[in-house]
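Grab a pencil and work through these exercises with the model open beside you. Try each task before you read its solution.

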Amino acid sequence: MSTILDDLAAEEARLVFCRFDADTAFELGRRLRTEARRRGGAVAIEVAIAGRTLFFAAMPGTTADNAGWIARKRAVVERFEHSSWYMKHLYEMRGTTIVEKSLLPLADYAPFGGAHPIRVRGVGQIGVVTVSGLPQAEDHRLVVDTLAELLVAMPADADAGVAEAD
């Protein structure tokens, strides 16, 4: 029987790029904004590679708090190399919290849906894509759906696509 953690780990294993550069970061951010608008939501979006923000947008209806949530969700992914949604469920399944188990303050780390690793095949995690503004399950779904859509849309001559889980 599969658990939500198994499903989320499999999802992460599928969402792997063959290459990722500044143009890809911009396209991912643009697609997230377009899809959030289509879904009727207002989000702040960040695509960060190696600690450097390559794309940031805050849609009308967001506040400065959304940027704070982005930083705290991104910190979770950078530290644990799993989506913030995965980490939320991991702590819940263990009956603990990030504060109790990892001694990390909620002021700096937010294990809530919306941040996902950016991975490149043969390299590993190179960055994080994060959204904030929707309920956390919807934040996660927006990121995952958009990552999957971008991977399918990338040109074949760029040697990009969805990686198979090993």
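**Exercise 1.** Which residues does Ser84 touch, not counting residues up to four places away in sequence?

*Solution.* A word on the ground rules: this is a predicted model, where local features need pLDDT of at least 70 and side-chain atom pairs count only at pLDDT 80 or more, while totals for chains, interfaces and linings use all residues. Residues are numbered from 1 along each chain as its sequence is written, and side-chain values use heavy atoms, with hydrogens and water left out.

Step 1: look for contacts, meaning heavy atoms within 4.5 Å. Ser84 touches Lys73, Val76, Val77, Ala110, Pro111, Phe112, Gly113, Gly114 and Ala115.

Step 2: Ser84 sits in helix H4 (residues 84-93); helices (H or I, at least four residues) and strands (E, at least two) are DSSP runs, numbered from the N terminus.

Step 3: check the surface. Ser84 has 0% relative accessibility, so it counts as buried (buried is under 20% relative accessible area, exposed over 50%, partly exposed in between, with a 1.4 Å probe and protein chains only).

Step 4: find a backbone partner. The Ser84 side chain reaches the backbone nitrogen of Ala115 at 3.0 Å.

**Exercise 2.** Lys73 forms a salt bridge with which residue?

*Solution.* Step 1: recall that a salt bridge is a side-chain nitrogen of Lys or Arg within 4 Å of a carboxyl oxygen of Asp or Glu. The partner is Asp139, and the closest N and O atoms are 2.9 Å apart.

Step 1: see where the two sit. Lys73 is in helix H3 (residues 64-80) and Asp139 in helix H6, 66 residues apart, and the pair links distant parts of the chain.

**Exercise 3.** Where does Arg39 lie, and which side chain does its own side chain meet in a polar contact?

*Solution.* Step 1: Arg39 lies in the loop between H2 and strand S2 (44-49).

Step 1: its side chain makes a polar contact with the side chain of Glu35 at 2.7 Å. (A polar contact is a pair of N or O atoms within 3.5 Å; within protein, one must be able to donate a hydrogen and the other to accept it, and residues adjacent in sequence count only if both atoms are side-chain atoms.)

Step 2: zoom out. Glu11, Glu35, Arg38, Arg39, Arg141 and Asp145 are linked in a network of salt bridges.

Step 3: finish with accessibility. Arg39 counts as partly exposed, at 35%.
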